[in-house]
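Reader: I am new to reading protein models. Could you take me through one, a question at a time?

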Amino acid sequence: MTDRFDVVVVGGGIVGLATARALQIARPGIAIALLEKEPALAAHQTGRNSGVLHSGLYYRPGSLKARLCVEGRRRMLAFCEEEGLPVRISGKLVVAVSDAEIARLEGLCERGAANGVEGIGRLGPSGIADHEPHAAGVAGLWVPSTGVVDFGGVARRLGQILADRGASILTGCEVDRIETRSGGVVVGAGERTIAARALVNAAGLHADRVAAMSGVDPPVRIVPFRGEYHVLSAQAAGLVGGLIYPVPDPRFPFLGVHFTRRIDGSVEVGPNAVLALGREHYRGTRADWAGLTEVLGYRGFRRLAARHAVPGLGEMLRSRSRALYAREARRLVPAIRSGDLDRGGSGIRAQAVFPNGQLADDFVIAGEGPLIHVLSAPSPAATAALVIGEHLAGLVILRLDGGSD
Ligand SMILES: Cc1cc2nc3c(=O)[nH]c(=O)nc-3n(C[C@H](O)[C@H](O)[C@H](O)COP(=O)(O)OP(=O)(O)OC[C@H]3O[C@@H](n4cnc5c(N)ncnc54)[C@H](O)[C@@H]3O)c2cc1C
């Protein structure tokens with residue numbers, strides 16, 4: 001028997017949930033099924049990240065990331081306040097530790113201003129100490145609008161609201177086939193078959209595979225990068241008041257090892273970025289061989305690896321050695337010792353890579369017929385989820401109404 005809906009959303013992370021919620025707001029009464037393969041929502045990127053409500057400092061002006069982050073931050077803050085979810089706008093400090101980083105810091109300041117980030121302040125060494133007495137550097141930026149939140153909690157609340165308003169949230173339901181038909185799409189998950197007029201693929205680490213199931217040759221492939229965290233011991237946690245970041249290396253999409261005082265008060269150090277041995281390989285050294293072979297066989301990955309072999313190796317060494325990890329952390333907070341770091345959790349980023357080895361720098365959304373594929377939704381997609389969801393809902397509605405984008 002086939003169940004029928006207006007829209008099927010694949011993926012119970014924050015992007016899929018926010019899209020379903022935006023559809024419910026735009027079209028009250030719309031029949032939505034959200035399919036999540038895990039037994040609970042937010043089990044992957046959404047529930048395993050730094051929890052930072054980004055301000056919009058880093059992104060190329062005019063990019064989707066820049067446009068959606070600034071507005072998304074404001075909307076996420078308002079949502080948490082309305083729903084009584086914990087959120088704290090603590091501000092963040094970006095620290096340059098060498099003269100060579102000062103020009104890049106200035107570039108960040110200009111980007112932030114161009115993106116509409118308010119209140120950014122330039123700091124000298126004493127200004128750094130005024131905000132974070134244990135941080136040290138030659139110059140800094142103070143970004144007052146950055147904060148922290150629990151994105152997993154936000155996702156679960158969205159799921160609850162969706163269900164209360166009539167959406168079918170089907171957990172433990174892994175989509176394994178997709179067929180497009182005239183007038184819509186038929187999706188299979190084991191024994192179950194679901195028909196809908198439109199489909200949103202928000203499958204995160206598996207988004208390219210889900211796109212391929214529908215017969216699409218995705219323009220990017222997902223390469224999983226694990227981010228490992230340490231937690232500061234209770235004695236050392238007082239060395240960090242809020243959020244302390246390095247100046248990012250422009251060659252990489254990740255922000256570099258930073259300090260985050262989380263919403264629960266604990267202080268995390270990280271994440272680093274090492275090639276994951278599988279798309280859901282959070283711990284240990286035993287590889288998911290099928291997944292790893294797929295990555296190594298991808299031309300885009302091999303080109304990327306050839307270009308970044310040396311820094312990649314450095315990250316892998318740091319991943320194995322707490323002393324090296326602590327050395328990286330000490331660049332920002334010199335009093336940190338390796339004994340202050342306890343191993344924490346990890347998350348895996350779905351990094352989209354083009355066949356020429358270029359990393360996708362922006363969100364990548366592709367549409368074909370009744371299908372919309374979110375092929376890349378990296379950070380700050382959790383911050384921006386509510387407005388990304390509205391953007392995707394707009395694309396769905398065009399399809400339901402018989403238009404095109
Ligand atoms: C280490 C790390 C730190 C980060 N820090 C931040 C931060 O501080 N601030 C920020 O804004 N962003 C941050 N991000 C990015 C943010 O977490 C992601 O951009 C966001 O969570 C993406 O959400 P998503 O819904 O697209 O993906 P996910 O949360 O991964 O959800 C995708 C879902 O699809 C499901 N799925 C996959 N395949 C199928 C299938 N075949 N059938 C059914 N379901 C399927 C998965 O089980 C999963 O639950 C970070 C990410 C990582 C990994």
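Reader: Is Arg181 buried or exposed, or something in between?
Author: Arg181 is partly exposed, with a relative accessible area of 47%. The terms work as follows: buried means under 20% relative accessible area, exposed over 50%, and partly exposed in between, computed with a 1.4 Å probe on protein chains only. Please note that this is a predicted model, in which local features need pLDDT of at least 70 and side-chain atom pairs count only at pLDDT 80 or more, while totals for chains, interfaces and linings use all residues. Residues are numbered from 1 along each chain as its sequence is written, and side-chain values use heavy atoms, with hydrogens and water left out.

Reader: Which residue does Arg181 form a salt bridge with?
Author: The partner is Glu179, and the closest N and O atoms are 3.0 Å apart. A salt bridge here is a side-chain nitrogen of Lys or Arg within 4 Å of a carboxyl oxygen of Asp or Glu. Glu179 is partly exposed, at 44% relative accessibility.

Reader: Why would such side chains pair up?
Author: Side chains can pair because they carry opposite charge and their charged atoms come close.

Reader: How many salt bridges are there in the whole structure?
Author: The search finds 17 salt bridges. One of them joins Asp150 and Arg156, at 4.0 Å from N to O. Asp150 is partly exposed at 32%, and Arg156 is partly exposed at 45%.

Reader: What about Lys37, which residues does it pair with?
Author: Lys37 forms a salt bridge with Glu38, with the closest N and O atoms 2.8 Å apart. The side chain of Lys37 also meets that of Glu280 in a salt bridge, at 2.6 Å from N to O. Lys37 is partly exposed at 25% relative accessibility, whereas Glu38 counts as buried at 18%.

Reader: Changing topic: what are the domains here?
Author: The domain assignment, which is automatic or taken from a database, gives domain 1 as 2-46 + 152-220 + 361-400 and domain 2 as 87-147 + 224-349. Their centres, taken over C-alpha atoms, are 30 Å apart.

Reader: How many residues are in contact between them?
Author: Ten residues of domain 1 are in contact with nine residues of domain 2, where contact means heavy atoms within 4.5 Å.

Reader: And how much area is buried there?
Author: About 720 Å² is buried between domain 1 and domain 2, with 40% of it on carbon and sulfur atoms. Buried area is the accessible area (1.4 Å probe) that two parts lose on being put together, summed over both. In domain 1, His44, Leu205 and Arg209 lose the most area to domain 2, together 62% of what that side buries.

Reader: How many salt bridges are between the two domains?
Author: The count between domain 1 and domain 2 is three. On the side of domain 1 that touches domain 2, three residues are nonpolar, three polar and four charged. In that scheme Ala, Val, Leu, Ile, Met, Phe, Trp, Tyr, Cys and Pro count as nonpolar, Asp, Glu, Lys and Arg as charged, and the others, Gly among them, as polar.

Reader: One last topic: how many disulfides did the search find?
Author: The search of the whole structure finds zero disulfides, a disulfide being a pair of cysteine sulfur atoms within 2.5 Å.
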